[in-house]
Amino acid sequence: MTATEIVLDPYDYDFHEDPYPYYKRLRDEAPLYHNEKLGFWALSRHEDVLKGFRNSTTLSNKFGVSLDPASRGPHASKTMSFLAMDDPAHLRLRTLVSKGFTPRRVRELEPRVTEIAVQHLDTMMEKATSSADGEIVDYVDEFAGKLPMDVISELMGVPEPDRAQVRAWADGVMHRDEGVTDVPPEAVEASINLIVYYQQMVAERRKKPTDDLTTALLEAEIDGDRLTDDEILGFMFLMVIAGNETTTKLLANAAFWGHKNPDQLTSVYADLDRIPLWVEETLRYDTSSQILARTVAGDLTLYDTPIPDGDVLLLLPGSAHRDERVFENPDDYVIGREIGSKLMSFGSGAHFCLGAHLARMEARVALAELFKRIRGYEIDEANAVRVHSSNVRGFAHLPMTVQPT
């Protein structure tokens, strides 16, 4: 960034390393930013991002919420379900899906989430304590990258022997090499493999119902209206993208920022009931979901600038959460700060994330189980590897040493 020009490029690796200085300049100098080369506008201030999330009429979801060209377009709902729809189609599908994906189902899942977390942590701790490198282990490979997808597979009814393969496909869907500004062929192939797998699963459940979310979606009905197989597949795929990747990143971001701010973790070690506060501050400070796209539908004027119909407008919750107009000392990581409804990690308005309960529960359980086993940890920052994505922020690898209790 020069003194004269601000450039926001969601594909730039330097931006991925630390987007926050870029965001600060945007908020101060270009609260409505336009990138002609990549063809988008962007809003960075908290007030504007919140209004953007709540404006589901002029800011449309129907072409998807990603900047990647292959993910955008009228076909977006095939893989992003109701997240890539506007009302009334969005409301119909979301209401039907909610019949199966209930808060009660999430609550009842907690004991199994605990079991899965314990299982992965036992393996991780065993590797850590028997490692020739002096108790070093990759927290993402061994734990944060495994738990969320296994929880989704548990919820949907994927048999345990298939879960590692399903997880590998889910990872393949999201990965981007440097300089790639679209969905690469490998990700398309991984997506097809996942959809074919889920198609077979849905067909099996039609013949033989079981007590899982897939069956619940097949049975969901309102006044005779039911979900089609394609709608169920779209939702299952959305769970993989939105529910897996973001929770993995949340768990690793919490560990990373806890390591960088050890004074903030002292009270958490002493009282595990403070873990939800740690989760909330991580969601604010370094949210997994940084950038969400909308498509302008109709007349929209922002900062005295008419935005043309059909243009892409990016909402930047990652920037909004560091806005000093709303948060005191926003660049300080303070577990227990007042956040409340100012948080936009799960969006706001009509498209508020249906899986917010699940993500928070998973993070709480995962971090509590980890902290029951350790009295401290150190991250090898030099060998930590960030994920490269145009909208999700977090780590692909996070090597750490742990001090067992």
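# Packing, salt bridges and backbone

Q: How many of the 11 residues of helix α14 (residues 275-285) are buried?
A: This is a predicted model, in which local features need pLDDT of at least 70 and side-chain atom pairs count only at pLDDT 80 or more, while totals for chains, interfaces and linings use all residues. Residues are numbered from 1 along each chain as its sequence is written, and side-chain values use heavy atoms, with hydrogens and water left out. Helices (H or I, at least four residues) and strands (E, at least two) are DSSP runs numbered from the N terminus, and a residue is buried under 20% relative accessible area, exposed over 50% and partly exposed in between, with a 1.4 Å probe and protein chains only. Helix α14 is largely enclosed by the rest of the structure, because the number of its residues that are buried is 9 of the 11.

Q: How many residues apart are Arg27 and Glu324, whose pair links distant parts of the chain?
A: A salt bridge is a side-chain nitrogen of Lys or Arg within 4 Å of a carboxyl oxygen of Asp or Glu, and the side chains of Arg27 and Glu324 meet in one at 3.6 Å, N to O. Arg27 lies in helix α2 and Glu324 in the loop between α15 (317-320) and α16, so that the pair links parts of the chain whose separation is 297 residues.

Q: Which residues do salt bridges that share partners join into one network?
A: A search of the whole structure finds 32 salt bridges. One of them is between Lys372 and Glu369 (3.0 Å, N to O), which are 3 residues apart in helix α16 and therefore separated by about one helical turn; Lys372 is partly exposed at 49%, whereas Glu369 is buried at 9%. The network joined through shared partners consists of Lys24, Arg27, Asp28, Asp323, Glu324 and Arg325.

Q: What angle does the direction of α16 make with that of β11?
A: Two strands pair if DSSP finds at least two bridges between them, and 3 strands form an open antiparallel sheet in the order β4-β14-β11. Since β4 (136-138) and β11 stand at the edges with a single partner strand each, one side of each is left without a neighbour in the sheet. The twist averages 40° from one strand to the next, where axes are lines fitted to C-alpha atoms, for helices over the stretch in contact, and angles run from 0 to 180 degrees between N-to-C directions. Helix α16 packs on this sheet, touching β11 and β14, and its direction makes with that of β11 an angle of about 105°.

Q: Which residue in β14 is the bridge partner of Tyr377?
A: Strand β11 and strand β14 (residues 399-404) run antiparallel and are joined by 5 bridges. In β14, the bridge partner of Tyr377 is Val402.

Q: What is the omega of the peptide bond from Asp87 to Pro88?
A: Most peptide bonds are trans. Pro88 is found in the loop between α4 (77-80) and α5 (89-100), and the bond from Asp87 to Pro88 is cis, with omega near 5°.

Q: What is the phi of Asp304?
A: Asp304 lies in the loop between β8 (300-302) and β9 (305-307), and its relative accessible area of 78% makes it exposed. Asp304 is a residue other than glycine, yet its phi is positive, near 60°.

Key. Contact = heavy atoms within 4.5 Å.
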